Amino acid sequence: MYERFCTQCHGPRGNGGGEVAPYANPRPRDFRQGLFKFRSTPFGSLPTVADLDRTVSHGLYGTLMPPFAAINPRARLDVIAYIQTFSPRWRNEQPGQPIAVPAEPASTGESVASGRTLFANACSSCHGDGSGNGPLAKSLVDAWGNPDQPADLTRHHIKTGVEGQDIYLRIMTGLNGTPMPGFAGSLSPDKAWDIVHYVEHLRRHPESLDSIVPSAASATPSAPAPSDAVTIEMVGDAKGYRFEPSSVTIHVGQAVRFVNKIGGPHNVTFWPDSIPSGAQRPLQAGMQNTSGPLTGPLLINAGDATTVSFVGVAPGTYKFYCMPHLALGMHGQIIVQ
Amino acid sequence: MTRLQRLLLALTLFAIARPAYGIPAFARKYGLKCSACHEAVPLLNVLGRAFRDNGYRFNNGKDDAINTDPSYWPIFAWVEENYQYNYSKSDKKTELNDGQLSPGFAIVGAMGSLGEHISFNVRPISYFGGISFDAAWIRYNRLFNTDALNVRVGQIDLDMPIATAGERDFTVNDFVGNLRSLSYTVPGSRGFDLLGNPLGVELTGHDPGSVNRYALTFFTNSAVASHQLWNSPSVYGRVSHLFQVPGGFLRDVEVGAFGTYATVSLGPDSARLKSQERYGASLDFWLASDALPLHVEAIAFQGRDDKNLIAGATRDALYDGGDIQIDYVPALPFELFARYNLVRNVTQAVPGQPGSFGDQSIYLFGIQHMESLTSRFEWGWQLHYSLQYDHLNMSVDGTNNLQHVVWAGLILAF
C-alpha cells in the first residue's frame with residue numbers, strides 16, 4: 001500500500017524525499033524522526049493510530065496529501081503500521097495520552113474579545129493579524145530546516161479541518177517539529193476555547209473585528225520560586241530573541257526561574273540528548289506545568305514565570321531553548337555543579 | 001478474406017472501439033503514482049472511483065488550476081503501437097492467417113476541473129490520419145451543493161460495472177470486435193454498444209467514499225444513423241453498493257444492477273421507435289490484499305431486440321450474456337488478467353434458425369506491465385491472447401468460426 005500511494009511524496013525510505021517532494025509546499029513528512037504535526041496527544045509525544053488514520057483519511061487541506069477515506073480501513077491501518085517502522089521512536093515509546101476536548105462553550109462577544117487578547121499575546125508574533133504575517137513569520141523553520149510559514153487563519157480551510165475541536169486540538173497539542181508549541185500546560189480549556197472562538201470569528205466575520213475590545217492582559221500567577229533561585233529573563237526586542245543571561249551556573253538542588261520579560265510567548269525546552277544520562281526523569285519532575293517531555297509551559301504575558309528545580313539531577317550541562325524562537329537563536333545552558 | 005474486406009473490417013473496428021488509460025495529467029497534478037488510483041491501468045481502484053465520482057477532484061484544496069504549480073497543465077497524450085497476429089478458421093477452411101504491425105494511434109486530450117463545480121474532458125483521437133472524439137463532456141459537480149447530484153453533458157462513457165468501464169487491452173482495435181458480451185449484436189439487427197460513449201446527459205450521485213452510487217443517463221442510441229440522433233431517446237441506469245469487509249481474506253464486495261432501454265427510429269413518428277433492452281447485475285469482489293488485489297467481476301444480463309429491427313424476424317430476439325473477469329496484481333507494476341465472455345441466444349427472432357445461432361464464447365488471457373518512470377511519463381506493454389468461438393457465424397460462410405488473436409502492444413503516456 002505504501003508503494004502504491006505514498007512513495008511519490010514520502011519516498012521509498014520514508015525520508016520525505018520522493019520524486020515530487022521538491023515541488024511540494026509544504027514538504028512531505030519525513031517519517032524517520034517520528035515527529036507528527038497533527039495529533040490529539042501532548043506536544044512532543046507520538047500520535048495515536050487514530051490520529052494518523054485521521055490524517056490519512058481526511059488528507060491535509062491545501063497540501064499534496066489527498067484524503068484516502070475511500071480505501072478500506074484495514075488497508076489504511078496496514079499503511080500506518082508500515083510508516084511506524086521508519087522511526088525507532090515507535091519501538092521505544094508509547095503514544096501520548098490524548099488530550100480530552102471538553103464540550104465547546106457558546107461563542108459570545110466576551111469569549112471572542114478574550115480570545116483576541118490571548119491571541120495577541122500568544123499567537124500574533126507568528127500569526128500576526130491572523131493571516132500568518134507576524135514579525136517572526138518569515139524566519140520560522142521546522143525541524144527539517146524547511147521554511148515554515150504560519151497558517152493563514154482567515155482562510156476558510158485549514159489543513160486538518162475547520163471544526164472548533166480541530167482548532168482546539170491544534171492549540172493545545174501544538175505541531176511537533178514546528179515552532180507551533182502546545183498550550184496544554186499554559187492555557188485552561190476555557191481560555192483555549194476563547195482563542196478558538198476568536199479564530200472562528202476571524203474566518204467568518206473579519207469585518208467585525210474592529211468592534212471587539214480586547215480584554216486586559218494580565219500575568220498568570222505562578223508558584224513562588226525558592227529564595228535561592230537564579231533568574232533568567234526571556235527577552236524579545238529590537239536586539240533579537242535571547243535568554244538573559246544565556247548561561248548560568250548553579251548547584252544540585254538549586255532552582256532556575258524563567259521570566260517572560262518581553263516579546264513572548266516564550267518557553268523553555270531542554271534537549272533530551274544534551275543533558276546528563278539519567279537526568280531526564282528528575283528534570284521532568286522539577287518542571288512546572290509541562291506541555292510535553294522536558295517542555296515547559298508557554299509564558300504568554302509579560303511577567304509570566306515558571307521555575308525549574310534541579311533537585312536530584314546529575315551534575316553537568318543542561319542545554320535549553322525557547323521553542324517559538326529557536327530559529328532565531330534563542331537558547332542557553334545551565335551548568336549544574 | 002480479400003484486402004478490401006480486411007480494410008473495411010479494420011476501419012469498422014477502429015470506428016467502434018475506444019481506449020481507456022490512466023491520465024498522466026492527474027499524476028502530475030497530485031503527485032501520485034498511477035497505482036494510487038488504478039488497480040492496474042486502466043482499471044480504477046476504490047480511490048480512483050471516488051476521485052472520478054467527485055468530478056476528478058480530491059477536494060483537498062489542490063484541485064483548482066490556480067492552486068497548482070504553474071508548470072501544470074491538464075493536458076495528456078498517449079501514443080500506441082502494436083503487433084497483432086490473427087488466425088481465423090471456419091468449419092470449412094482457413095479464413096485468415098497473418099500478422100501485421102498496426103499504425104497505432106495518438107491521443108492528445110485535456111481533462112481536469114475548473115473551480116469546485118466544473119470538470120471537463122476533451123479527448124480527440126487520431127488514427128489512420130483521421131481524427132474523431134473518443135469523449136468530450138463537461139460536468140457540473142455538486143448541484144445544490146450535494147454529492148448526490150452531479151450533471152454531465154456531452155459524449156460520455158456510460159457508468160458500466162467496474163472492470164467493464166475500461167477496455168482491457170491497450171488497443172483501440174480489438175480485432176475481433178469488442179470481445180465483450182455487452183457489445184454483442186444480434187445477427188441481422190442494429191448494433192447497439194453500451195460501451196460506445198453516446199451523446200447524452202448523465203445524472204450521478206454518491207455518498208462519501210462512493211459506497212452507494214447511482215447513475216442515470218439519457219442518451220441517443222449509438223446504433224442509429226447520425227441524422228436520427230435526437231429521434232432515438234434512450235435511457236441507461238445503474239446503482240451499486242460497496243461492502244468493506246472488516247476482516248478475513250475477502251476485502252471488498254460491490255453489487256450493482258444496470259439496465260437500458262434504447263430506441264431506434266424506423267420512421268417519422270414515435271410509433272416507429274423500436275427498442276433494444278439490456279438488463280443485468282454485476283458482482284465484484286476483491287481478495288487477498290488491497291495493495292496486490294485479486295479482483296473478480298461477474299456480470300450477467302439479458303438482451304432483447306425488437307423484431308422490427310431484424311430482417312425476416314417474426315418475434316423479438318432474446319439472449320443471455322455475461323462475463324467473468326479476473327485481474328490479479330502479483331507485484332507492482334505487473335498485472336495478469338483473464339476473461340470469459342459468453343452469449344447464449346434464448347429466442348431466435350427468425351423462425352427456423354438453430355437455437356444456438358449467433359452464440360458466442362470468448363476467452364482472453366494476458367499480462368501487462370505499466371510503470372511510471374517519472375510523474376510526467378509512464379510506459380507499458382501488454383501481451384494477450386484471445387480465442388473467439390462463434391456458432392454458425394453467418395458473416396463468413398455460414399458455419400462455425402474460430403478465431404485466435406495474439407496481440408502485443410507498447411504505449412507511452414505523457
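B:Ala288 is partly exposed, with 14 other C-beta atoms within 10 Å; on this scale 20 or more makes a residue buried, 12 or fewer exposed, and anything in between partly exposed, with C-beta atoms placed from the backbone. The model is predicted, so local features need pLDDT of at least 70 and side-chain atom pairs count only at pLDDT 80 or more, while totals for chains, interfaces and linings use all residues. Residues are numbered from 1 along each chain as its sequence is written, and chains are lettered from A and ligands numbered from 1 in the order in which they are written.

- Most residues other than glycine have a negative phi, and most peptide bonds are trans.
- B:Ala288 goes against that with a positive phi near 75°, and its place is the loop between strand S12 (273–287) and strand S13 (294–305) of chain B. Strands here are DSSP E runs of at least two residues and helices are H or I runs of at least four, numbered from the N terminus.
- B:Tyr56, also not a glycine, has a positive phi of about 60°. B:Tyr56 lies in the loop between H3 and strand S3 (75–90) of chain B, and is buried, with 23 other C-beta atoms within 10 Å.
- On the cis side, the peptide bond from B:Leu332 to B:Pro333 has omega near 5°; B:Pro333 is in the loop between strand S14 (317–328) and strand S15 (334–347) of chain B.
- Chain A has a cis peptide bond joining A:Asn25 and A:Pro26, with omega about 5°, and A:Pro26 belongs to the loop between helix H2 (7–10) and H3 of chain A.

**Helix packing in chain A**

- Helix H8 (residues 164–173) and helix H9 (residues 189–204) of chain A have axes that come within 9 Å and cross at roughly 125°. Axes are lines fitted to C-alpha atoms, for helices over the stretch in contact, and angles run from 0 to 180 degrees between N-to-C directions.
- H8(A) and H9(A) are therefore oblique to each other; under 35 degrees would count as roughly parallel, over 145 as roughly antiparallel, 65 to 115 as roughly perpendicular, and the rest is oblique.
- Among the residues of H8(A) that meet H9(A) are A:Ile167 and A:Ile171, with A:Trp193 and A:Val196 among the partners in H9(A). Contact means C-beta atoms, placed from the backbone, within 7 Å.
- The residues of that contact divide into nine nonpolar, one polar and one charged, where Ala, Val, Leu, Ile, Met, Phe, Trp, Tyr, Cys and Pro are nonpolar, Asp, Glu, Lys and Arg charged, and the others, Gly among them, polar.
- The axes of helix H6 (residues 109–122) of chain A and H9(A) come within 7 Å and cross at roughly 95°, which makes H6(A) roughly perpendicular to H9(A).
- The H6(A) contact with H9(A) involves residues including A:Arg116 and A:Phe119 of H6(A), and A:Asp194 and A:Tyr198 of H9(A); by class it has six nonpolar, five polar and three charged residues.

**Chain B and its interface**

- Chain B has four helices and 18 strands, and buried residues make up 47% of its 414 residues.
- Where chain B touches chain A, 25 residues of chain B are in contact with 24 residues of chain A.
- The largest share of chain B's side, three residues, comes from H3(B). By class, that side has 10 nonpolar, nine polar and six charged residues.

**Confidence**

- Chain A has a mean pLDDT of 86, with 94% of its residues at 70 or more; pLDDT is the predictor's confidence in each residue, from 0 to 100.

Terms used. Two residues are in contact if their C-beta atoms, placed from the backbone, lie within 7 Å.
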